[in-house]
Amino acid sequence: MLIRMVCPAPPGSLYGNRVTAERWARILRSLGHRVAIAPGYEDEKCDALVALHARRSAEAVFRFRRRFPETPLIVALTGTDLYRDIRRSQRARRALEAADRFVALQPLAADELAPHLRRKLRVIYQSADPTRGHVRRARDFFDVCVAGHLRAVKDPFRAASAARLLPLDSRIRVLHAGGAMKPAMAQKALAEQARNARYRWLGPLSRARTRRLIAQSNVLVLSSRMEGGANVISEAVVDGTPVLASRIPGSVGLLGERYPGYFPVGDTDALSRLLARAESDSAFYRRLRSHIKRLAPLFRPVEERARWKELLADLTRHQTRK
């Protein structure tokens with residue numbers, strides 16, 4: 001099967017949608033399919049189209065559907081699709097109507113869809129392999145990792161602000177890996193580092209170095225205001241690193257409603273208390289680790305591959321019945 005994948009983010013982009021597109025392409029190729037990724041659609045023939053981002057890829061969706069009304073069309077729903085665009089954009093909603101199936105990264109995505117569209121939804125969890133080799137955590141620090149680019153939607157300095165409120169005897173240090181998408185964000189990170197002894201901005205790291213940082217950390221903080229389902233959660237879970245996350249649907253959908261490591265979006269005080277508790281309360285820390293250990297099978301590569309295989313088989317059966 002020849003699958004064309006539309007991803008508005010260009011090759012080499014730091015945005016998560018591009019990383020997701022390239023990982024999905026590898027999975028689909030491992031299943032025996034040919035995959036071509038492009039920023040748009042120019043009437044090329046294919047056996048299926050996968051479009052990331054309902055609003056930004058809407059024109060490609062409409063053009064493909066006009067040219068190939070019976071050929072399988074999948075729209076991958078991003079966080080901005082689910083939690084902003086389909087509420088505001090008629091084009092995004094029309095793209096959903098045109099699709100045969102949607103892919104979302106966590107099951108709470110269904111709550112954002114109109115009831116008649118929910119039957120089209122398939123959840124495919126983003127997978128990760130455990131970090132290889134011996135992982136050694138620092139003895140003198142309780143390391144808190146933030147792994148994400150410096151963008152406003154990520155609320156990137158929330159952990160740094162929370163760390164400033166900790167008791168003097170706390171061993172917590174915040175290690176932040178991620179590129180600054182705008183010069184002003186880089187300046188803000190450097191200024192925070194200069195005045196906050198607990199915060200270090202590491203800048204953009206390679207994927208391998210970021211993964212090792214997550215594995216070596218005592219906890220990971222995900223403070224985002226909006227996520228479709230962050231892959232960094234999968235990576236932390238498979239490495240046994242507890243997550244402290246803002247309570248947003250994209251994270252609750254992955255970690256579960258009863259996960260004990262949430263704080264309200266933007267609440268510095270609550271995050272500071274949670275950090276202090278994770279450091280000082282060994283029973284609480286064990287609860288966090290026990291919970292994520294139970295989740296780890298969801299994020300195995302074999303599971304993600306199986307869900308893509310079933311989705312394509314489902315579409316093939318659907319096409320045959322048309």
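Let me start with a helix pair: Ala58, Glu59, Val61, Phe62 and Arg65 in α2 meet Arg91, Arg94, Ala95 and Ala98 in α4, where contact means heavy atoms within 4.5 Å. By class, the residues of this contact are five nonpolar, no polar and four charged. Here Ala, Val, Leu, Ile, Met, Phe, Trp, Tyr, Cys and Pro count as nonpolar, Asp, Glu, Lys and Arg as charged, and the others, Gly among them, as polar.

Some housekeeping. This is a predicted model, with pLDDT of at least 70 needed for local features and 80 or more for side-chain atom pairs, while totals for chains, interfaces and linings use all residues. Residues are numbered from 1 along each chain as its sequence is written, and side-chain values use heavy atoms, with hydrogens and water left out. Helices (H or I, at least four residues) and strands (E, at least two) are DSSP runs, numbered from the N terminus.

Back to the helices. The axes of α2 (residues 58–67) and α4 (residues 90–98) come within 9 Å and cross at roughly 35°. Axes are lines fitted to C-alpha atoms, for helices over the stretch in contact, and angles run from 0 to 180 degrees between N-to-C directions.

α2 also lies across β1, β3 and β4, and runs at about 170° to β4. Those strands belong to an open sheet of six, ordered β2-β1-β3-β4-β5-β6, with parallel pairing; two strands pair if DSSP finds at least two bridges between them. Its edge strands, β2 (34–38) and β6 (121–123), each pair on one side only. On average, neighbouring strands of this sheet are turned by 25° against each other, direction ignored. β1 (residues 2–6) and β2 are joined by five bridges in the parallel sense, and isoleucine 3 stands opposite valine 35 in β2. α1 lies across β1, β2, β3, β4 and β5, at about 165° to β2.

The other open sheet I want to show has six strands in the order β9-β8-β7-β10-β11-β12, again with parallel pairing. Between β7 (residues 142–147) and β10 (residues 219–222) there are two bridges, and cysteine 145 stands opposite leucine 220.

Last, the second largest pocket, with a volume of about 190 Å³. A pocket, on a 1 Å grid over the protein atoms alone, is an open set of points where a 1.4 Å probe fits, with protein on both sides within 12 Å along at least five of seven lines; lining residues have an atom within 4 Å of a point. Grid points are joined across faces, edges and corners, and the volume is the space filled by probe spheres set on them. The lining has three nonpolar, one polar and seven charged residues, among them Arg23, Asp129 and Glu304. α1 (16–30), α7 (207–216) and α12 (301–321) each supply at least two of the lining residues.
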